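Please consider the model shown below.

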Amino acid sequence: MRKPLKTKKIVVSLVTLLTLSIIISAFPSVSAASTVKSYPYIGAVPNPVGINQPVLLHVGITAYLTSTEMGWEDLTITVERPDGET
């Protein structure tokens, strides 16, 4: 006679667990927009650079974008020569 009571407890527990999981999964996930600091970076290859030597500049921003179709705009690099000319 004790077996049906134990089975009832298991069934009630499983139904409660499934009900709670369905309720929790029904709530939409919400993410608020937040302000994240981002920093620009630049790297030169090779470093140091010799006279009349080609240079590869690696430029970016630490904040990532949510889509590959998006892109950063209006990033500029100003290279100044030792004599002050750009």
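A residue is called buried under 20% relative accessible area, exposed over 50%, and partly exposed in between, with a 1.4 Å probe and protein chains only. The structure is a predicted model, in which local features need pLDDT of at least 70, side-chain atom pairs count only at pLDDT 80 or more, and totals for chains, interfaces and linings use all residues. Residues are numbered from 1 along each chain as its sequence is written, and side-chain values use heavy atoms, with hydrogens and water left out.

The protein contains one helix and two strands, arranged along the sequence as α-β-β; helices (H or I, at least four residues) and strands (E, at least two) are DSSP runs numbered from the N terminus. Of the 86 residues, 3% are buried.

Tryptophan 72 lies in the segment after β2 (56-61) and is partly exposed, with a relative accessible area of 44%.

Two salt bridges are present in the structure, each defined as a side-chain nitrogen of Lys or Arg within 4 Å of a carboxyl oxygen of Asp or Glu. Arginine 81 pairs with aspartate 83 at 2.8 Å, N to O, and with glutamate 85, where the closest N and O atoms are 3.5 Å apart. Aspartate 83 is exposed, because its relative accessible area is 53%, whereas arginine 81 at 44% counts as partly exposed, as does glutamate 85 at 45%.
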